[in-house]
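Subject: Structure for you to look at

Hello,

Here is the structure I promised to pass on. Please open it next to this email and follow along.

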Amino acid sequence: MDTIEVSNLNRQFLFRQSHVGQSKAKVARDAVLRFRPHINIKPYHANVKDPEFNVDFFKQFNVVLNGLDNLDARRHVNRLCLAADVPLVESGTTGFLGQVTVHVKGKTECYECQPKPTPKTYPVCTITSTPSKFVHCIVWAKDLLFAKLFGDKNQGNDLNVHSSNAASSSEHVDVFEHRVDEDIEQYGQRIFDHVFGYNIEVALANEEAWKTRNKPKPIYCRDVLPDRLVSQNGSFDKFCATDEPSSVSAMTSLGLKNPQDVWSLMENTKIFLEALKLFFGKREKEIGNMIFDKDDQLAVEFVSAAANIRAASFGILMHSLFEAKGIAGNIVHAVATTNAIIAGLIVIEAIKVLQSDTKSYRMTYCLEHPSRKMLLMPVEPFEPNQSCYVCSETPLSLEINTYRSKLRDFVEKIVKAKLGMNMPLIMHGSALLYEVGDDLEEDMVANYAANFDKVLSELPSPVTSGTMLTVEDLQQELSCNINIKHREEFDEEKEPDGMLLSGWAQAPPMEKDNNMPVGNGESTPSTSQAVPLKPEEDDDIEIVPTEIKTIPAGTKRKISELSSTAISEPSSATDGTRSTKKEEEIDGDDDVVVMLDDGNSDISKKKRLH
Amino acid sequence: MNGEELTEQETALLSKSHILVSGMKGAVVEFCKNIVLAGIGSLTLMDDRMVTQEALSADFLIPPDENTFSGRSLAQLCCDSLTDFNPMVRVSVEQGEPLLLIFSIIRLNIIALSFDLAFF
């Protein structure tokens, strides 16, 4: 469902400048037909999670090749392939790393048998009170300050540091609200002083926190820009009335041209105030429902400036806009050659699948640095994990406070986020507690809405310790049993959600530079307690010509269609050789030698498939 | 440069570079595609060989239509395709067989003088 962007053109060679804005699926199909005119390609410009792509749809195919950019969609496709009993060739790349894996129901692991790294989350108090790294400042600027000023007002926000003064916490006045007729410049300075000055002073009052840490310094506008006047009406005249909202930029109006410069505290402050002014002056309509978008220049400028000022306050090194954007947008720059290698490997595995050459299936990992002169590491696929709840139907256990947690929390944090179900159905025995669907009757919908906000123990069919809930997703054909166990207390830092799911193998949080198979860009809906980074790959994984694209749930891009290709039997004589081609695309150069049956020592613990 | 976006200086350096490529085989073709898309200054291709069945399957720069490719050398065909990828790169063809490494050291010196990089 993606469209072609200018930044794609430097390596997605099926696309030209004239194609920018068009559907990737459709243009890719046309481009491929130009050099292979006799194949059957059907593009779908849509979201792979649409109900249209059900089990029957997947059953049409002999093999499915994934080129997705988020974990959610991958899990969804995995489940559908299991339900349809169609082999799946999964893949991913991140920078110089990449891998290709084959999944066949009953014979190999499914995509979810091995835990996938989840995005790194930071404890709330590190973000709100005790940052020690620049990334903490970015998360603060993006998920707290930006969200508070420009996002949904109804969303809970941890921005105000907890003060010991009980009276102030019951204020009715929202400090961050822009008062009617308040001059924007004054508003900007007021916000600045509040978050970088006042809030820091409040935090400093809590002596305990700073015994082992460096104390932050409060920063006030008047200290950084002593000559700045409140009324700066003149600056608006610089813009012509026909300025496009999307091209508005604080950098431009301040004459700061190089995004790779590290700005001074003064420059960052100016950018902060200017960006705020531009948002209110030129993009007022969007305020109140904006979500941070790394491609929104003004948003990136604001967040970078805010993060830098906070960093300066806490004695953390400041970064350039370019670096800040990379961190805020979780950008990992794509390397064209890695994509090319992985693409080639996908085709190789696909050919093996089409020939039912099961003994030759390999999981191939592309390393960053050659190990023993080899860049690629193929291993045989493993047998299915007996305790994988997706392909082996093992029940899970959930520890939760049944007197405090609501059904809503259970659905959002466990069923949708952790279990990856799209349209869940929740049953307690024969009682339907909750359901998502298009064709529900009105009274059912009302019933579910009421249940949603009830505490678990107070549901019509009460959920307490010892209860077993059945959670299903009909589209994914996945059914899961969860044993509920009541627990009173949860550690705010380690279990911020107030729930603990077990029997579901979860990997430790992913560090930016670890060696686990990567390229599984994830997205999780942000919870109000932990503040997760939402990784998105800057540059979409290019797998040509068999490309199935989707977007993570909850992002702001338009819902459009997806592309899938069905390679039917070559119909013409000239292409008769294609299906039996065994040559590797990587030419017979000496450099890349693929040695089989040579696995990693940790992987060898698992049983090999023979 | 460590896999990050190119800085302005690096892009400028790239756009002033000239590369000689001899022997349009699989990995070399992939390299040409990448370097042209990245925005090299100019690329000179050297491969007088004609299209073979093997080349057709491995080289995505060759149009499959016989009428289009007959009579033209590999270098000429690849040149056309590469120009299409990035019109801002000057791709040209130099007459000559693909150079074999040992035999061509003397010739290499003469030709390579006018290029920043030679790739075989």
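Start at A:Met427, whose bridge partner in β10(A) is A:Thr470. Keep in mind that this is a predicted model. Strand β8 (residues 424-428) and strand β10 (residues 468-473) of chain A are joined by five bridges. These two strands run antiparallel.

Now zoom out. The open sheet here has six strands, in the order β9-β8-β10-β11-β7-β12 (chain A). Its pairing is mixed. Which strands are at the edge? They are β9 (431-435) and β12 (499-502) of chain A, and each pairs on one side only. On average, neighbouring strands of this sheet are turned by 25° against each other, direction ignored.

Strands pair through backbone hydrogen bonds, either parallel or antiparallel.

**A five-stranded sheet in chain A**

Chain A also has an open sheet of five strands. Their order is β1-β2-β3-β5-β6 (chain A), and the pairing is again mixed. Why is one side of β1 (64-65) and of β6 (374-379) of chain A left without a neighbour in the sheet? Both strands stand at the edges with a single partner strand each, so one side of each has no neighbour there.

Follow β1(A) to its partner. Two bridges join β1(A) to strand β2 (residues 88-94) of chain A. This pair runs parallel. Look for A:Val64, which stands opposite A:Leu88 in β2(A). Helix α3 (residues 71-84) of chain A packs on the sheet and touches β1 and β2 of chain A. The direction of α3 makes about 165° with that of β2(A).

**Two loop residues with positive phi**

Most residues other than glycine have a negative phi. Two residues in chain A are worth a look here. A:Asp85 is not a glycine, yet its phi is positive, at about 55°. A:Asp85 lies in the loop between α3 and β2 of chain A. A:Ser356 is also a residue other than glycine, and its phi is positive, near 50°. Find A:Ser356 in the loop between α12 (336-354) and β5 (363-371) of chain A.

**Helices in chain A**

Two packed helices are described by the angle between their axes and the distance between the axes.

Next, go to helix α6 of chain A, where A:Leu204 is placed. A:Leu204 touches A:Trp210, A:Lys215, A:Pro216 and A:Pro218, not counting residues up to four places away in sequence. A:Leu204 and A:Lys217 are 13 residues apart in sequence. Their C-alpha atoms are 8.8 Å apart in space.

**Aromatic pairs**

How many aromatic pairs are there over all chains? The count comes to 22. Take A:Tyr187 and A:Phe280. Their ring centres are 5.1 Å apart and their planes stand at 75°, so the pair is edge-to-face. A:Tyr187 is in helix α6 (residues 184-205) of chain A, and A:Phe280 is in helix α9 (residues 265-282) of chain A.

**How confident is the model?**

The model scores ipTM 0.72 and pTM 0.65. Chain A has a mean pLDDT of 77, and 77% of its residues reach 70 or more. In chain A, confidence is highest in β1(A), at 96. Confidence in chain A is lowest in strand β13 (residues 531-532), at a mean of 36. Over residues 510-610 of chain A, pLDDT stays under 50, and the model has 250 contacts beyond four places in sequence for them. Residues 162-170 of chain A also stay under 50, with two such contacts.

Chain B averages a pLDDT of 75, with 76% of the residues at 70 or above. Strand β3 (residues 90-93) of chain B has the highest confidence in that chain, at 88. Helix α6 (residues 105-112) of chain B has the lowest, at a mean of 50.

Best wishes

Conventions:
Residues are numbered from 1 along each chain as its sequence is written. Chains are lettered from A and ligands numbered from 1 in the order in which they are written. This is a predicted model: local features need pLDDT of at least 70, side-chain atom pairs count only at pLDDT 80 or more; totals for chains, interfaces and linings use all residues. Side-chain values use heavy atoms; hydrogens and water are left out. Two strands pair if DSSP finds at least two bridges between them. Helices (H or I, at least four residues) and strands (E, at least two) are DSSP runs, numbered from the N terminus. Contact means heavy atoms within 4.5 Å. Axes are lines fitted to C-alpha atoms, for helices over the stretch in contact, and angles run from 0 to 180 degrees between N-to-C directions. pLDDT is the predictor's confidence in each residue, from 0 to 100. Rings of Phe, Tyr and Trp (its six-membered ring) pair if their centres lie within 6.5 Å; planes under 30 degrees apart count as stacked, over 60 as edge-to-face and the rest as tilted.
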